[in-house]
Amino acid sequence: MCSVVGIYKNKNAAKLAFYSLFSMQHRGQEAAGISSNENGKIHTIKDRGLVTEIFKEEHFTNVLKGDMAIGHTRYSTAGDDSILDAQPVYAKYGLGELSIVHNGNLVNKDEVRDELIKRGAIFQSNMDTENLIHLIAKNYQKETLQERIIDAVNKIKGAFSLIILSRTKMFAIRDPYGFRPLSIGKIKSGGYIVASETCAFELVGAEFVRDVEPGEMVIFENEEIKSIKLFEPTPKKCIFEYIYFARPDSDVFGKNVYETRVEMGRALARELPVEADMVVPVPDSGVASALGYAKESGIDFELGIMRNHYVGRTFIEPTQEVRDLKVKMKLSPIKEKIAGKRLVVIDDSIVRGTTSKRIVRMLKEAGAKEVHMRIASPASKGACYYGVDTPDPDELIASKMSVEEICKYIEADSLAYLSIEGMVEAIKDKKEDYCFACFDLEYPIK
Ligand code: SF4
């Protein structure tokens, strides 16, 4: 996961980066940071915690004062849970100073790092992003930063949506597969924004211009935007951005996330109909798909389960014990609505199965006559190597059990998952342009 943002030529660059990170906090809550240029220097503030906990007004008035800024919210996927692994990653090197933010995961991190260590590099963190700094800094053959960046990204493999800040320029780069999103907007008060999700644009008063294309490098210099095609694009955009990660009000890969989720719910109803009295979403993850399911099936939509918003996401909690307790603290049924009813319960995915089991039990205890689970994505069977912190495959219930076994385990009356074909129908796009590897184990990069 993680989010990245870059602001180019705006007098409140760091403040706008802060607001952007705030709007993308859902992509990572572990750490956050912002770098900004000023009088030929780059200053960085980063720490563990939420964006609003880290940044204080004096940071913007005293430190982050330049007209360019880049920022990051971290959700650990590569490296350790430590402040050294927070981004931006800053360095002073032969050509000056630079700072990098990265969303994604590099699959050849160890190979590249071993090679760099053999050549004398010393690392401060476990982050794959630090490799890039070394690849750029140690490339004495190339005279310009732009040439060095091009050489460096040709040596790395995997998922990377990158923003690099120098003292005078900003570079935005997306890997040839375009696993992670990266969009460009024009800020009404001046300059440009590049961000993982377009939900940031609304908050900073920016209008969508276009996506950084897979394999493209966009250079912001002298108030202008220049584009260089670094790689032949071979799109494999992450389908999970639509299912789970991205905020519903964002447009990702050219489509609105909310609308796409509604379409997934419609496809689910066409593919997996069930006789029922009520469609109930698992809040908040299943709401948009449940609306789609209700519209397509004609079954009433009801918010039969309430969510306490003061409890964090269960997916990111490390131990089973904490997760179990959090489900109870987080969700509670509206008994008056569901007692005696046959329910179709919609969720976006099943990870370990424990949350679904608790939900089914809770609904039955509240008097539901039948509980039919319908999942608006295929069964998750594999790990992600491209920037998403999925659990180990042996923790994924669908990697060990058949759909019938999972249904029995979660104590539902029936269970069914949307097919990959159903998802493709919902996104109305070319199947071959998307990565479905955590469902079909067809990994685009070894
Ligand atoms: Fe997305 Fe799954 Fe592919 Fe990872 S493996 S990029 S989560 S679709």
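These legends describe views of a predicted model of one protein chain.

**View 1. The whole fold of the protein chain.** The chain carries 17 helices and 24 strands. Its radius of gyration is 23 Å, close to the 22 Å given by the globule rule for 446 residues, so the chain is as compact as a globular protein of that length. Along the principal axes, the C-alpha atoms fill a box of roughly 70 × 40 × 40 Å.

View 2. Of the 446 residues, 59% count as buried. Take the contacts with a separation of 6 or more: residues 24 or more positions apart account for 68% of them.

**View 3. The surface and charges of the protein chain.** The side chains include 61 positive and 66 negative ones. The centres of these two sets lie 2 Å apart.

**View 4. Helix α13, residues 354-365****.** This helix has 12 residues. From first C-alpha to last, α13 reaches 16 Å, close to the 16 Å expected at 1.5 Å a residue. Several of its residues are buried: T354, S356, K357, I359, V360, M362 and L363.

Note on methods: Residues numbered from 1 in each chain as written. Predicted model: local features only at pLDDT ≥ 70, side-chain atom pairs only at ≥ 80, totals over all residues. Heavy atoms only, no water. Helix = DSSP H or I, 4+ residues; strand = E, 2+ residues; numbered from the N terminus. Rg over C-alpha atoms; globule rule 2.2 N^0.38 Å. Buried < 20%, exposed > 50% of the residue type's maximum accessible area, 1.4 Å probe, protein only. Contact = heavy atoms within 4.5 Å. Lys, Arg positive; Asp, Glu negative; His and termini not counted. Charge placed at Lys NZ, Arg CZ, Asp CG, Glu CD. Expected span 1.5 Å × (residues − 1).
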